[in-house]
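Hello,

Here is the structure we talked about handing over. My notes on it follow below.

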Amino acid sequence: MSISREDIEKVAVLARIRVDEAQVSALESDLGNILNLVDQLSAADTANVGPLSHPLDAVQCLRADEVTETNQREAFQAIAPATENGLYLVPRVIE
Amino acid sequence: MHNKSVAELSRDLESGSVSSVELTREFLNRIKTEDAKYNSFITLTEDEAMADAKAADELRAAGKANVWTGVPFAHKDIFCTNGVTTTCGSKMLANFVPPYDATVTANFRAAGAVCLGKTNMDEFAMGSSNESSFFGPVTNPWGLSNGEKRVPGGSSGGSAAALAARLVPAATATDTGGSIRQPAALCGITGLKPTYGRVSRHGMIAFASSLDQGGSMARTAEDNALMLNVMAGFDPKDATSVDRAVPDYTATLNEPLKGLRVGLPKEYFSDQLSPVMEQQVRNAVAEYEKLGATVKEISLPHANLAVAAYYVIAPAEASANLSRFDGVRYGYRCEDPKDLNDLYTRTRAEGFGDEVKRRILVGTFALSAGYFDAYFLKAQKVRRLIQQDFINAFKEVDMLMSPVSPSPAFLQGIEHSDPVTMYLEDIFTIAVNLAGVPAMSVPAGFVDGLPVGLQIIGNYFGEARLLNAAHQFQQVTDWHQTLPQ
């Protein structure tokens, strides 16, 4: 199937990736080609087939409810773009 | 010295004919003088390597060495290394210094191996040519003597090129749709993608979590066995790693192959494969017949749908995994964001390269309301059909053999026009990841002076038998020892 400019703009918002007007045309063509490739799937008969999300069909393993991690806030925040008083800084959300 | 295998270097260290400090210095010097031609490394960790080598020599002097103690190797720059920049080939992580080790990293550290640095790769492991790296393309050592700059394959192109150029004797790698096997084939080295769940993914930067699997690259099957001995095993930090005993993968390398049942999937010997490539693969299969294997044609009826299913599932999982890169906690952040949305959207627009953005957008589309059933659910159903093909095949045969790639290493720059052309590079490798079975690429000949790989696909957790089959092949062939000029 083809993908419209509106679709691309909507998906870019969902993915939180800014897409310039100039890039939309190239994406329209690239994503359209990818979706054409993917459209081969519609030929497969999957009427009685369940989806496979994991090759081993494993179940979530559980562990004892014990604290195993130590507090490494300083190490983690040392690599952050902006922190203050142990908090991560982002532009003001509430005026 | 740099032409020796891990097994040989390990014996030299044991006999005392060379020290780890000498070995490490030699490989570091080779990288520093040679790698400008290949760009196979993103980061060289010279100081850490020399310190580790010294510590390894001391351990050995104290009688506490194992087979890996003091042996140099490199990590694909997707494995987190505590205190050492880990970029995943992206501008987004160009400044990222992880505060912890991946489990694979920790395993090699515990074994006493000496990491020389971090190898180049396609950005976030998305690519088949190593041209999408933020740190520039990697050049394949093969073909360079003719003045041709060819791709090493991808995404583990740096690890593969460094091995082919004899800059390292072993390197880690990862494989989501062929990223170990295809570069191994294009660079003439030996690579193994283990069964999904065999090697921990903890600290291995995620691309598509139900497909990603860490594995090994070296020049011989024996060295791959030595690597898997270190890498494999259950890890409580990875919920999808499998709690199952790890055999000594070197113990069965010399088992005879008499009676081995080999299947040739007819879908992989189609007109997408050039006749000269096919001839090399068939010659390799003939060697297996001489070693006692029986060969028959089999069918993987849904193989032709694998690329389509993959290009829904992998981008969908990637779009979720890569949502963590938001410019808040680590990695790249855009300049002067005017509000929170601007921070997210501009950080991600500036930090990700084109191919990564394409895949995030495709994945977001496939998961979005109104398209989920038609794309994502449909692809997961086809995935089960593909897995069933392999389950059925392994009722009849022990192993499958096929080409790895439709052609040998192609020239840099030529495949850029349309992403789909590049995706078809992986038509013979992708189904393996969807099914989760293990597979290897083994050097099996040359076309126009460029290496050709034989793909050997095994049943779930059949790594020991795969390595055995590859090792026996390497006892009667010397393709894996041929050097680029």
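Strands of chain B

In chain B, strand β10 (residues 439-447) is joined to β11(B) by 7 bridges, and the two run antiparallel. Within this pair, B:Phe446 stands opposite B:Pro451 in β11(B). The hairpin of β10(B) and β11(B) has 2 residues between the strands, and B:Asp448 takes a positive phi there, near 55°. Please keep in mind that this is a predicted model.

β11(B) has another partner: strand β9 (residues 399-403) of chain B pairs with β11(B) in the antiparallel sense, over 5 bridges. In that pairing, B:Pro403 stands opposite B:Leu454. Strand β11 spans residues 450-458 of chain B and is mostly covered, with 9 of its 9 residues buried.

Where the chains meet

The contact between the chains involves 41 residues of chain A and 58 residues of chain B. On the chain A side, helices α1 (5-14), α2 (21-38) and α3 (73-77) each supply at least two residues. The largest share comes from α2(A), with 7 residues. By residue class, the side of chain A that touches chain B holds 28 nonpolar, 8 polar and 5 charged residues.

One residue of chain B that touches chain A is B:Leu343, found in helix α10 (residues 340-351) of chain B. Leaving out residues up to four places away in sequence, B:Leu343 touches A:Val90 and A:Pro91 from chain A, and B:Gly327, B:Cys334 and B:Pro337 from chain B. Is B:Leu343 buried or exposed? B:Leu343 counts as buried because 21 C-beta neighbours lie inside 10 Å, and the cut-off for buried is 20 or more. B:Leu343 and B:Val328 are 15 residues apart in sequence, and their C-alpha atoms are 8.5 Å apart in space.

Two helices of chain A

α1(A) and α2(A) also meet each other. Their axes come within 10 Å and cross at roughly 100°. α1(A) is therefore roughly perpendicular to α2(A), a label that covers angles from 65 to 115 degrees. From α1(A), the residues in this contact are A:Arg5, A:Ile8 and A:Glu9; from α2(A), they are A:Val24, A:Leu27, A:Glu28 and A:Leu31. These residues divide into 4 nonpolar and 3 charged, with no polar ones.

Regards

Definitions and conventions: Residues numbered from 1 in each chain as written. Chains lettered and ligands numbered in written order. Predicted model: local features only at pLDDT ≥ 70, side-chain atom pairs only at ≥ 80, totals over all residues. Contact = placed C-beta atoms within 7 Å. Helix = DSSP H or I, 4+ residues; strand = E, 2+ residues; numbered from the N terminus. Nonpolar A, V, L, I, M, F, W, Y, C, P; charged D, E, K, R; others polar. Buried ≥ 20, exposed ≤ 12 C-beta atoms within 10 Å, placed from the backbone. Pairing = 2+ DSSP bridges. Axes fitted to C-alpha atoms, helices over the stretch in contact; angles between N-to-C directions. Parallel < 35°, antiparallel > 145°, perpendicular 65-115°, else oblique.
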